[in-house]
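Here are my notes on the model, as numbered points. Please read them with the structure open.

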Amino acid sequence: MLSLYAARAAIVAAAMSLITLAALHVLKPELHPSRAMISQYALGPYGRVMALCFAAFGLASGSLAVAIVPYVRSLGGRIGMALLLTAAVGLVMAARFPMDPVSTPSAQMSHSGRMHGVAFMLGVPSMVLAVLVLSFAFDGQVSYTGWLLKTVDAVIWISLIVMIGIMLRVGPGKPPDPNGLERFVGVPNRLLMVAYAVWLMVAAWPVARW
């Protein structure tokens with residue numbers, strides 16, 4: 001029964017993360033979606049909406065981890081579940097500690113800004129590794145739609161690779177170029193998070209419908 005409720009909570013929370021993320025695009029139209037990372041929505045009067053979005057992602061991740069406990073028996077599945085819980089911690093940290101403005105020099109970063117960086121390093125790698133490990137660990141378990149999970153998993157990884165590639169090209173110490181690759185960094189960032197929310201819902205669905 002706990003798995004059932006946890007799976008349903010995961011679906012509701014993942015849906016809430018998408019709803020709040022979409023709402024931020026309406027509330028802050030001045031922040032160009034293709035040029036800005038979603039963390040930048042945490043700055044300004046609607047920061048609490050972004051915090052809610054991250055918190056919903058964290059709740060969905062943690063709830064899914066709880067929901068799949070009875071169905072994860074392999075070592076790989078347990079590792080994936082641990083990674084999912086780690087991702088939940090990172091996402092909740094991102095909700096608690098908003099980033100500093102992009103132009104803030106590293107030496108002048110606030111405690112919140114530094115912790116947001118820690119949250120990113122903790123949450124994102126754990127998140128993408130969790131979906132990879134669990135997408136394969138779920139094969140033969142319950143009635144998971146393996147091909148769909150793996151398809152969404154591929155979208156997540158492609159988005160991450162593209163985002164990292166852009167960030168390396170426009171990283172610290174490099175002059176800003178409004179017409180360079182940096183104007184596209186927001187696209188893979190958003191696709192990554194949307195795909196992750198979809199993955200959470202797809203993974204939770206077989207348990208939630210029992």
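1. Lys 28 first. Lys 28 sits in the loop between α1 (2-27) and α2 (47-67). Helices here are DSSP runs of H or I with at least four residues, strands are E runs of at least two, and both are numbered from the N terminus. The model is predicted: local features need pLDDT of at least 70, side-chain atom pairs count only at pLDDT 80 or more, and totals for chains, interfaces and linings use all residues. Residues are numbered from 1 along each chain as its sequence is written, and side-chain values use heavy atoms, with hydrogens and water left out.

2. What is the nearest side chain of opposite charge to Lys 28? Glu 30, at 4.5 Å. Lys 28 is buried but has no salt bridge. Buried means under 20% relative accessible area, exposed means over 50%, and partly exposed lies in between (1.4 Å probe, protein chains only). A salt bridge needs a side-chain nitrogen of Lys or Arg within 4 Å of a carboxyl oxygen of Asp or Glu. For charge, Lys and Arg count as positive, Asp and Glu as negative; His and the chain ends are not counted. Leaving aside neighbours within four places in sequence, Lys 28 is in contact (heavy atoms within 4.5 Å) with Gln 40, Tyr 41, Leu 43 and Tyr 46.

3. Ser 34 belongs to the loop between α1 and α2. Buried or exposed? Ser 34 counts as buried, at 16% relative accessibility. Not counting residues up to four places away in sequence, Ser 34 touches Glu 182, Arg 183, Phe 184, Val 185, Gly 186 and Val 187.

4. Gly 47 is in helix α2. Gly 47 counts as buried because its relative accessibility is 12%. Tyr 41 and Ala 42 touch Gly 47, not counting residues up to four places away in sequence. Pro 98 is 51 residues from Gly 47 in sequence, with 7.8 Å between their C-alpha atoms.

5. Now the overall fold. The protein has six helices and zero strands. From the N terminus on, the order is α-α-α-α-α-α. Of its 210 residues, 48% count as buried. Among contacts between residues at least 6 apart in sequence, 75% join residues at least 24 apart. The accessible surface comes to about 10300 Å², and 72% of this belongs to carbon and sulfur atoms. Areas come from the Shrake-Rupley method with a 1.4 Å probe; for residues, only the protein chains shown count as cover.

6. Next, α1. Its 26 residues should span 38 Å at 1.5 Å a residue, and its end C-alpha atoms are 36 Å apart, which agrees. The expected span is 1.5 Å times one less than the number of residues. Buried residues in α1 include Ser 3, Leu 4, Ala 7, Ile 11, Ala 14, Leu 21 and Leu 24. The buried residues of α1 pack against α2 and α6. Ala 23, also in α1, is partly exposed, with a relative accessible area of 30%. The C-alpha atoms of Ala 23 and Met 50 are 9.5 Å apart, across 27 residues of chain.

7. Which residues touch the most other members of the largest nonpolar core? Leu 64, Ile 156, Tyr 196 and Trp 199, out of 60 residues. α1, α2, α3 (75-96), α4 (111-137), α5 (146-169) and α6 (186-208) each supply at least two residues of this core. The largest share, twelve residues, comes from α6. A nonpolar core is a set of buried Ala, Val, Leu, Ile, Met, Phe, Trp, Tyr and Cys residues joined through side-chain atoms within 4.5 Å.

8. Tyr 196 deserves a look. Leaving aside neighbours within four places in sequence, Tyr 196 is in contact with Phe 57, Ser 61, Leu 84, Ala 87, Leu 91, Met 127, Val 131 and Ile 156. As for α6, 17 of its 23 residues are buried, so this helix is largely enclosed by the rest of the structure. At 1.5 Å a residue, α6 should span 33 Å; its end C-alpha atoms are 32 Å apart, which agrees.

9. Last, Met 167 in helix α5. Met 167 is partly exposed, with a relative accessible area of 33%. Leaving aside neighbours within four places in sequence, Met 167 is in contact with Met 37 and Val 185. The C-alpha atoms of Met 167 and Glu 182 are separated by 7.4 Å, with the two residues 15 apart along the chain.
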